[in-house]
Amino acid sequence: MNALPSQPDGKKPFLRRIPLWPHSLMGQMLLAIALALFVAQGLSAYLIWREQHERHLAGMVNSTAMRMLGERMAMRHGFSEGMHPPGPPPGFPPGSPPPDLQPLPALPGGLPPEERLRLPRTLRFHVDSRSPEQPGDIHMAEMEKHLRQVLESQGEQVKAVLVVERDPARDALVGPVLPALRARFDTSTGEGYPRLVIASMQQADGTWMTVRSFVPSNETLLLIALLRQTILIYLVLVGVVALILRRITRPLRALTGRLEQFAREPGRIEPLVPQGPEDMKHLIAAHNAMEARISALLDEKDVMLGAIGHDLKTPLAALRVRIEAVEDDTERARMAATIEDINRSLDDILSLARVGRPSDPVEATEISALVVDIIGEYEDMGEPVEVIDLERMVAPVRATWLRRALRNLVSNSLRYGERARVTLARDGHEAVITVDDDGPGIPEGSIALMMEPFTRLDPSRNSATGGTGLGLTLARAIADQHGGSLILANRIEKGRVVGLRATLRVPLA
């Protein structure tokens with residue numbers, strides 16, 4: 001089903017020109033739902049991540065501030081057990097990193113990850129004579145801002161605040177004890193160490209009070225969980241919607257195929273069985289009723305036209321016999337010609353009425369042989385008809401009707417264009433029959449009008465040549481019956497019209 005029809009100028013809509021854009025109703029619905037779900041999940045994930053990020057940031061700021069304030073208070077009241085004065089820990093040469101702290105005290109099992117990530121005090125707190133920042137650190141400006149606000153709200157005289165994220169292996173204190181930390185923090189799973197955050201406050205005396213802490217990647221884990229949730233929702237929701245759309249689109253496809261088949265052969269197939277949701281069943285039932293009504297009207301039309309043809313041709317035949325008694329040869333000839341014109345008109349009208357409901361089957365036919373037979377008929381009558389080019393090909397056609405269409409085109413060229421030149425060539429999956437003449441052509445604005453029934457243009461087509469105006473209409477109807485087309489175009493050479501070209505296209509398969 002074509003959900004995006006072409007525009008009047010023949011150009012495809014913008015969406016149809018996008019590569020991989022689905023053209024079916026089911027594909028477009030699934031894509032729309034997937035995009036809507038992606039936007040909704042993306043917005044939801046951002047809000048959840050933002051809330052978690054702010055909560056995590058507040059926790060880090062409060063924890064760091066409490067440690068700084070606690071260490072500050074302890075330093076004011078003297079050093080407790082395990083504390084050390086500013087500078088390297090006891091026994092550390094000035095300016096050198098501390099030695100490996102193994103063995104570190106073992107932690108009891110079953111502790112939450114936050115407790116297992118807690119650093120020993122000798123690593124967690126340190127007072128430096130200068131800023132602990134080093135090349136390669138990643139600044140955490142948001143945390144710096146909040147940490148300064150918390151410290152100042154507690155009455156601390158803060159000259160500067162520094163918060164950075166650093167690779168643990170590059171840190172002078174933590175780097176040498178990473179093997180011990182691996183066993184202590186259970187980081188041997190291959191996921192690597194948590195983030196090392198270094199927060200430092202410059203005091204009034206110029207020294208820097210530094211707190212180191214490992215921070216778990218809660219935000220990363222949250223994003224992974226949201227991703228898994230999104231994938232699960234996609235699978236469940238898109239799967240359910242696909243089943244519902246399949247239940248809707250399957251009867252739509254069946255109805256579309258039925259319409260296409262009915263357009264080709266009305267009244268020759270069984271009614272379509274209603275299926276799908278109740279709305280689709282009602283639609284299919286209504287279509288079956290409409291189709292039955294159309295078939296009945298077509299049958300009535302065939303019966304009526306058959307009766308008209310029989311009732312008219314019988315008296316015409318009687319008149320043809322009676323005019324033989326007319327002594328005036330000229331008058332008798334005129335009367336006979338009039339009766340023949342009426343017979344031809346009746347034949348054309350009946351043929352045009354029956355072309356939509358042909359009785360003969362489609363058969364594989366050698367198109368080149370059919371064209372040669374038609375040309376031979378006119379050559380036997382001494383008509384100026386010639387074959388310019390002929391390519392052998394086979395197409396599934398109703399030979400009787402295709403002969404009728406080709407005869408009409410050749411007769412039209414001989415009647416109005418003095419001669420006919422026929423060409424048969426292959427164009428992709430179509431057989432193309434071209435009939436050229438040397439007549440005056442047709443005004444450009446009237447070419448489409450010439451395809452209408454009982455239409456003749458006196459300025460370009462001499463009325464004395466006769467004809468009912470149904471030849472081109474019948475030829476076009478026969479082309480449409482085969483899924484092809486008939487196109488008329490003026491032949492132009494050196495800026496002037498030198499004839500008319502009729503192009504009849506028939507699918508090869």
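Two strands pair if DSSP finds at least two bridges between them. Helices (H or I, at least four residues) and strands (E, at least two) are DSSP runs, numbered from the N terminus. In this structure, Asp128 stands opposite Trp208 in β5.

The model is predicted: local features need pLDDT of at least 70, side-chain atom pairs count only at pLDDT 80 or more, and totals for chains, interfaces and linings use all residues. Residues are numbered from 1 along each chain as its sequence is written, and side-chain values use heavy atoms, with hydrogens and water left out.

**Overview**

The protein contains 11 helices and 12 strands. Of its 509 residues, 38% count as buried; buried means under 20% relative accessible area, exposed over 50%, and partly exposed in between (1.4 Å probe, protein chains only). The accessible surface is about 28,900 Å², and carbon and sulfur atoms hold 59% of that surface. Accessible areas come from the Shrake-Rupley method with a 1.4 Å probe, and for residues only the protein chains shown count as cover. Among contacts (heavy atoms within 4.5 Å) with a separation of 6 or more, 67% join residues 24 or more positions apart.

**Strand β1**

Strand β1 covers residues 125-128, and both of its faces are covered. Phe125 and Val127 are buried on one side, His126 and Asp128 on the other. In a regular strand the side chains alternate between the two faces of the sheet. β1 runs antiparallel to β5 (residues 208-215), and four bridges join the two strands.

Helix α9 (residues 367-380) has 14 residues and spans 20 Å from its first C-alpha to its last, close to the expected 20 Å. That expectation is 1.5 Å times one less than the number of residues. Its buried residues include Ile367, Leu370, Val371 and Ile374. Their cover includes strands β6, β7, β8, β9 and β10 as well as helix α10. After α9 comes Gly382, with a positive phi near 80°.

Helix α11 (residues 471-481) is mostly covered, with eight of its 11 residues buried. Among them are Leu472, Leu474, Ile478 and Gln481. Gly483 follows α11 and also has a positive phi, near 80°.

Most residues other than glycine have a negative phi. Glu418, in the loop between α10 and β9, has a positive phi of about 75°. Lys494, in the loop between β11 and β12, has a positive phi of about 55°. Glu418 is exposed at 60% relative accessibility, and Lys494 is exposed at 87%.

**Salt bridges and a nonpolar patch**

The whole structure holds 22 salt bridges, each a side-chain nitrogen of Lys or Arg within 4 Å of a carboxyl oxygen of Asp or Glu.

| Pair | Closest N and O atoms |
|---|---|
| Asp171 and Arg166 | 2.7 Å |
| Arg426 and Glu391 | 3.6 Å |
| Arg491 and Glu493 | 3.8 Å |

Arg426 lies in β9 and Glu391 in the loop between β7 and β8, so this pair ties together parts that are 35 residues apart in sequence. Asp171 is buried at 2% relative accessibility, and Arg166 is buried at 4%.

On the surface, Leu227, Ile231, Leu232, Leu235, Val236, Val240 and Ile244 form a nonpolar patch with about 680 Å² of accessible area together. Patches are made of residues with over 30% relative accessible area and no salt bridge; like charges are joined within 9 Å and nonpolar side chains (Val, Leu, Ile, Met, Phe, Trp, Tyr) within 5 Å. Val240 lies in helix α6 (residues 218-264) and is partly exposed at 43% relative accessibility.
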